[in-house]
Each structure stands twice: as C-alpha cells, then as structure tokens.
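Hello,

Here is the structure we talked about handing over. My notes follow below it.

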Amino acid sequence: MTQHEPLAMPLEEAMRTQRAIRRLKGEPVDDALVLHILELAMKAPTGSNAQNWEFIVVKDREVVAKLGGLNRRALKFGGPIYKRVVVRRMDDQMLRIEKAVQWQADHFDEIPVVVVACLKGVIPLWPSVAVSSAYGSIFPAVQNLLLAARAAGLGAALITMPLWSKLLARRALGLPWNVTPCAVIPLGWPKGKYGPTTRRPVGEFVSLDRYGNRAFL
C-alpha cells in the first residue's frame, strides 16, 4: 500500500471551506488515502489518552446496503417530524439541505466508503458528565477526519441516522456488545464543489462572562 504525501491545504482554508457533502460519486477511494485520513483522525486527543476508539471502514456492498437501509428507515419515520420542527426555516437553503439528505439516502448503497466511528466500552446513560466525557473521546477524532477529508478533496458528512438502532447497527457491522457506534461518515469524491461557508457574524454567538452579554457585536 503506497504512502500518501502530507496534505498541503492550509488548516484555515480547510476550516473555512468545510461543509457537509452528501452527493458522492461511486468511484473508488484508494485504501492508502483512507488510512492516511484515519491516521490524522487518530492524532486527536482522548480522555486520559485512552485512545479508546475503533474505526470500521465499510466497503463491502452488502454491509453498506444494510447501513443504507437503516438510514432510509430513520429518514422515513423521522423526516416528517424534522419537517414540522424546521417548517419556519424552509427557505431555499433548508430546501437544498433537505434534497441533499434525501439524495444521500436514495444513493447510500453506491457510496464507495463508509467510516463508522466507535468507542470501546458501553456509553453510560447517567450521569451526564460520564456521557459527555465518553463522546469527548471520539468527536475530536471525527472532526480531524472531516478536515483531513476536506484537505484531500474528498466529500464527507457526519451523520447518525443509520445508528437509530444500536442493536441493528451492531448486527450489520459485527460489533461486540462493548463497542459502541457513535457516528457514520460517508466518504467519496464529491459530485459538486466545496465552497466558502456562510455564517452569521461571530459576535452574534459569543457572550462575554455571562450568557447574552454580546460584547463583541
């Protein structure tokens, strides 16, 4: 397996142009590139440096189809609820997102690589600090993965709908009871283009010392 050259995209450019890319080509992605991206993902910190992650790289068409089926079931039952919740925001941007989500669901079985980020151990339901601590050991790695994918020119998005049933997801992936799937990241060459993301001014989201003190506006 060939060694890939270091990704040369400046970090700030990757951050400013990163977005959820759901429309992916069915063209294969080189294993060495996927492993390079995962190596960068695993440079992220974990609680107590436990490095208690597991990444399942899914390329088998049957397993991808099982995850796709789980994704479509979640969208079928959760989609109407989602639409009611965000109906006030059904502007052009939200409609584009909805169409992209539906396209991904319809074409999920064609995605060349699906990465499932997992944690070793059962994530507790209580106390809340234990829950947040557990996820704090996997999501920094997922963000590293997304940024590395962007720098490599790959399309990617963090989704969780295929995990609506941990039991069925475990069965599809052959996971033991003590490995918990936390996030699904479809990977592939994008059909569209990355571009600068639009966000409201930072001062609208940042409070100083106490909530609501928008001192930086």
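Arg170 sits in helix H7, residues 166–173. Helices (H or I, at least four residues) and strands (E, at least two) are DSSP runs, numbered from the N terminus. This is a predicted model: local features need pLDDT of at least 70, side-chain atom pairs count only at pLDDT 80 or more, and totals for chains, interfaces and linings use all residues. Residues are numbered from 1 along each chain as its sequence is written, and side-chain values use heavy atoms, without hydrogens or water.

Back to Arg170. It is buried but has no salt bridge. Buried means under 20% relative accessible area, with exposed over 50% and partly exposed in between (1.4 Å probe, protein chains only). A salt bridge needs a side-chain nitrogen of Lys or Arg within 4 Å of a carboxyl oxygen of Asp or Glu. The nearest side chain of opposite charge is Glu54, 12 Å away; here Lys and Arg are positive, Asp and Glu negative, and His and the chain ends are not counted. Leaving out residues up to four places away in sequence, Arg170 touches Leu175, Pro176, Trp177, Val179, Thr180 and Pro181. Contact means heavy atoms within 4.5 Å.

Next, the nonpolar cores. A core is a set of buried Ala, Val, Leu, Ile, Met, Phe, Trp, Tyr and Cys residues joined through side-chain atoms within 4.5 Å. The largest has 29 residues, and Ile37, Phe55, Val115, Ile138, Leu145 and Ile185 have the most contacts inside it. Two or more residues each come from H2 (31–41), S1 (53–58), S2 (113–120), H6 (139–151) and S4 (179–188). H6 gives the largest share, six residues. Beyond its neighbours within four places in sequence, Leu145 contacts Ile37, Leu38, Ala41, Phe55, Val115, Ile185 and Leu187. A second, separate core has 20 residues, including Ile21, Val64, Leu163 and Leu173.

H2 deserves a look. Its buried residues include Leu33, Ile37 and Ala41. The buried residues of H2 pack against S1, S2 and H6.

Last, Ser137. It lies in the loop between H5 (128–135) and H6. Why does Ser137 count as buried? Because its relative accessibility is 5%. Not counting residues up to four places away in sequence, Ser137 touches Thr46, Gly47, Asn52, Trp53 and Leu119. Both Trp53 and Phe55 are buried too.

Best wishes
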